[in-house]
Amino acid sequence: MKDLGELKYFLGIEFARSQKGIVMHQRKYALELISEDGLTSTKPTVTPIDNNIKLTSKQYDEHAGQTENSGSSDPLVDQTSLQRLIGKLLYLTVTRPDIAFGVQTLSQFLQQPKKSHIKAALRIVKYIKNQPGQGVLLSSSQINTITAFCDTD
């Protein structure tokens, strides 16, 4: 672990100590991801994945007889770019559990991805752009209670 004053790095994860505890985040990694995808000048989003989006596989579209000319059901020419992006987002879920659902959902379509899948993955990157330094707080308080949040719609 490199010691750079109060900030420490370990495998790309940054640690910062405060009176509340230790914060783990990947700000530098997130900013590199945003710039690699060319999204530095785009507007950030407030949710990682659109609530009304329906991601389907190419096999499902063929079975259901859906043939759209909008281009969203066409398979991607370069599937390795989406695979690389999902891999980077999976690494980012170590300190960003808020994107885990969207990344896990998109990882199911890596064999034959469509343009709608790359669009959804780029939306997650735009969400990360909203707060690139967000991370996990390892609290220093001695409270032995488990706190969980659930949104039931």
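**Core and helix packing in a predicted model**

The model is predicted. Of the 23 residues in its largest nonpolar core, those touching the most other members are I86, L89, I99 and I128.

Visitor: Which helices supply this core with at least two residues each?
Guide: Those are α1, α3, α4 and α5.

Visitor: And where does the largest share come from?
Guide: From α5, which gives 7 residues. In general, nonpolar side chains in soluble globular proteins tend to be buried together.

Visitor: OK, I128. What does I128 touch?
Guide: Leaving out residues up to four places away in sequence, I128 touches A30, I34, L89, L92, R96 and I99.

Visitor: Which residues of α5 are buried?
Guide: S116, H117, I118, A120, A121, I124, V125, Y127 and I128.

Visitor: What covers them?
Guide: The cover over the buried residues of α5 includes α1 (27-36), α3 (79-92) and α4 (100-106).

Visitor: What span should α5 have, and how far apart are its ends?
Guide: Helix α5 has 16 residues, 115-130, so at 1.5 Å a residue it should span 22 Å. Its end C-alpha atoms are 23 Å apart, which agrees.

Visitor: Back to packing. At what angle do α3 and α5 pack?
Guide: At about 35°, and their axes are 11 Å apart. The crossing of α3 and α5 is left-handed.

Visitor: Which residues make that contact?
Guide: From α3, they are L82, L85, I86, L89 and L92. From α5, they are H117, I118, A121, L122, I124, V125 and I128.

Visitor: What does P44 touch?
Guide: Not counting residues up to four places away in sequence, P44 touches K126, K129 and N130. P44 and K129 are 85 residues apart in sequence, while their C-alpha atoms are 5.6 Å apart in space.

Visitor: Last thing, confidence. What is the mean pLDDT of the protein?
Guide: The mean is 84, and 84% of the residues reach 70 or more.

Visitor: Where is confidence lowest, and where is it highest?
Guide: Confidence is lowest in strand β1 (residues 2-4), at a mean of 48, and highest in α4, at 94. Over residues 1-6 the pLDDT is below 50, and this stretch has 12 contacts in the model beyond near neighbours in sequence. Where pLDDT is low, predicted coordinates should not be read in detail.

Note on methods: Residues numbered from 1 in each chain as written. Predicted model: local features only at pLDDT ≥ 70, side-chain atom pairs only at ≥ 80, totals over all residues. Heavy atoms only, no water. Helix = DSSP H or I, 4+ residues; strand = E, 2+ residues; numbered from the N terminus. Expected span 1.5 Å × (residues − 1). Buried < 20%, exposed > 50% of the residue type's maximum accessible area, 1.4 Å probe, protein only. Contact = heavy atoms within 4.5 Å. pLDDT = per-residue confidence, 0-100. Core = buried A, V, L, I, M, F, W, Y, C linked by side-chain atoms within 4.5 Å. Axes fitted to C-alpha atoms, helices over the stretch in contact; angles between N-to-C directions. Left-handed = near helix turned anticlockwise from the far one by under 90°.
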